[in-house]
Amino acid sequence: MIDRILADLSKTEGIKGSMVVGKDGLVIASQIPSNLDNELIGAMASAAFGSAERTANEINQGNLEQMMVEGEFGKTLMTDAGEGILVVLADSKVNLGLIRISMKKATEKIKAAF
């Protein structure tokens with residue numbers, strides 16, 4: 001079920017890959033390109049999201065909904081998907097609005113799947 005959701009999400013223009021990782025860092029499902037280390041990305045995404053989540057709470061911004069890491073060659077977006085974190089790798093020059101809408105729809109489906 002989650003694999004199908006990620007496959008549909010990956011059809012969005014500008015998305016290079018996606019995965020769902022548990023908050024413990026274990027990969028639940030992945031559509032990440034084979035030249036990347038799924039386990040490493042999952043662990044790092046979980047750690048980054050957890051740190052951002054604690055930061056948001058400490059500065060009284062409420063629950064973290066989404067975070068983005070913007071690099072020279074691409075963007076990594078993460079959303080809270082209930083029991084897991086939806087991680088999306090995107091090109092550097094993408095329509096973020098379109099990707100966020102696609103991620104929101106995918107996140108709701110992932111939450112329902114758990």
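This is a predicted model: local features need pLDDT of at least 70, side-chain atom pairs count only at pLDDT 80 or more; totals for chains, interfaces and linings use all residues.

Visitor: Which residues line the second largest pocket?

Guide: The lining is formed by Glu65, Gln66, Thr79, Asp80, Arg100, Met103, Lys104, Thr107, Glu108 and Lys111.

Visitor: And which elements give two or more residues to that lining?

Guide: Those elements are β4 and α3. Helix α3 contributes the most, with 6 residues.

Visitor: How much space lies in the second largest pocket?

Guide: The computed volume is about 260 Å³. For the largest pocket, the corresponding value is about 370 Å³.

Visitor: Which residues are closest to the centre of the largest pocket?

Guide: Leu36, Ile41, Lys75, Thr76 and Leu89 are the closest to the centre, out of 18 lining residues.

Visitor: How does that lining divide by class?

Guide: The lining of the largest pocket comprises 12 nonpolar, 3 polar and 3 charged residues.

Visitor: Which elements supply at least two residues there?

Guide: They are α2 (38–58), β3 (66–70), β4 (75–81) and β5 (84–90). Helix α2 has the largest share of this lining, at 4 residues.

Visitor: Turning to the helices, at what angle do α1 and α3 cross?

Guide: The axes of α1 (residues 2–9) and α3 (residues 96–113) cross at roughly 175° and come within 10 Å. Because angles over 145 degrees count as roughly antiparallel, α1 is roughly antiparallel to α3.

Visitor: Which residues make the contact?

Guide: From α1, the contact involves Ile2, Ile5 and Leu9; from α3, it involves Ser102, Met103, Ala106, Lys109, Ile110 and Ala113. By class, the contact residues are 7 nonpolar, 1 polar and 1 charged. Met103 takes part in this contact and also lines the second largest pocket.

Visitor: One last topic: what domain does UniProt place at residues 2–90?

Guide: The UniProt record, an unreviewed entry, gives "domain: Roadblock/LAMTOR2" for residues 2–90.

Visitor: How much helix and strand is there over that range?

Guide: Over residues 2–90, the chain is 33% helix and 35% strand. The end C-alpha atoms of that range are 19 Å apart.

Note on methods
Residues are numbered from 1 along each chain as its sequence is written. Side-chain values use heavy atoms; hydrogens and water are left out. Axes are lines fitted to C-alpha atoms, for helices over the stretch in contact, and angles run from 0 to 180 degrees between N-to-C directions. Angles under 35 degrees count as roughly parallel, over 145 as roughly antiparallel, 65 to 115 as roughly perpendicular and the rest as oblique. Contact means heavy atoms within 4.5 Å. Ala, Val, Leu, Ile, Met, Phe, Trp, Tyr, Cys and Pro count as nonpolar, Asp, Glu, Lys and Arg as charged, and the others, Gly among them, as polar. UniProt positions are given in the numbering used here, feature names are shortened, and annotations may be inferred rather than shown by experiment. On a 1 Å grid over the protein atoms alone, a cavity is a set of points where a 1.4 Å probe fits but cannot get out, and a pocket is an open set with protein on both sides within 12 Å along at least five of seven lines; lining residues have an atom within 4 Å of a point. Grid points are joined across faces, edges and corners, and a volume is the space filled by probe spheres set on the points.
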